[in-house]
Amino acid sequence: MTNWDGLRQAAIDAMKHAYVPYSGFPVGAAGLAEDGQIYSGCNVENAGYGVTLCAECGMISDLVKSGGGKLVAFLCVNGDEDLTSPCGRCRQLLWEHGTSTTKIQLPEGIISLPELLPYGFGLDDLNKVERKIGD
Ligand code: THU
């Protein structure tokens, strides 16, 4: 059974550290990984708006740095501590570090990663062609 409450609390704790002087919209992301640990992140905005790091970026960096493995479960929260939906770009980040059984908790309920990002692009797609690197 996934400890969704623990995951939610980790996301809330992370959200409170968000740096959001431009949008005023803090986000906290939390993921449970195969190693049983929870990884988290907050959004970090920038005066160059497009450079902004979503909360999921920090969470994925935390996960990869620690070698926790694939994501088992994920959620993110807004400044009201309510569940919110990961943006399209971050769905791709989750895809790279999740599996077909990774569970995502949304305001609408719990779904799988392939339901969140149908026909997602990944390493399998890259490997369908012979790539010439460094030519
Ligand atoms: N944001 C995230 O951190 N994650 C998402 O999945 C959606 C959007 C942030 C980016 C920006 O700092 C703020 O929310 C408003 O878009």
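Colleague: How far is a polar side-chain atom of E45 from an oxygen atom of the ligand?
Modeller: That distance is 2.5 Å, a polar contact (a pair of N or O atoms within 3.5 Å). Bear in mind this is a predicted model, where local features need pLDDT of at least 70, side-chain atom pairs count only at pLDDT 80 or more, and totals for chains, interfaces and linings use all residues. Residues are numbered from 1 along each chain as its sequence is written, and side-chain values use heavy atoms, leaving out hydrogens and water.

Colleague: OK, and what does N43 do there?
Modeller: A polar side-chain atom of N43 lies 2.9 Å from a ligand oxygen. A55 uses a backbone N or O atom instead, 2.8 Å from an oxygen of the ligand.

Colleague: How much of the ligand gets buried?
Modeller: The protein buries 78% of the 370 Å² that the ligand exposes when taken alone (Shrake-Rupley areas, 1.4 Å probe).

Colleague: Switching topic, how many salt bridges are there?
Modeller: The whole structure has 3, counting a side-chain nitrogen of Lys or Arg within 4 Å of a carboxyl oxygen of Asp or Glu. One of them joins K16 and E81, at 3.8 Å from N to O.

Colleague: How many residues apart are those two?
Modeller: They are 65 residues apart, so the pair links distant parts of the chain.

Methods
Polar contact = N/O pair within 3.5 Å; in protein donor to acceptor, adjacent residues only side chain to side chain. Helix = DSSP H or I, 4+ residues; strand = E, 2+ residues; numbered from the N terminus.
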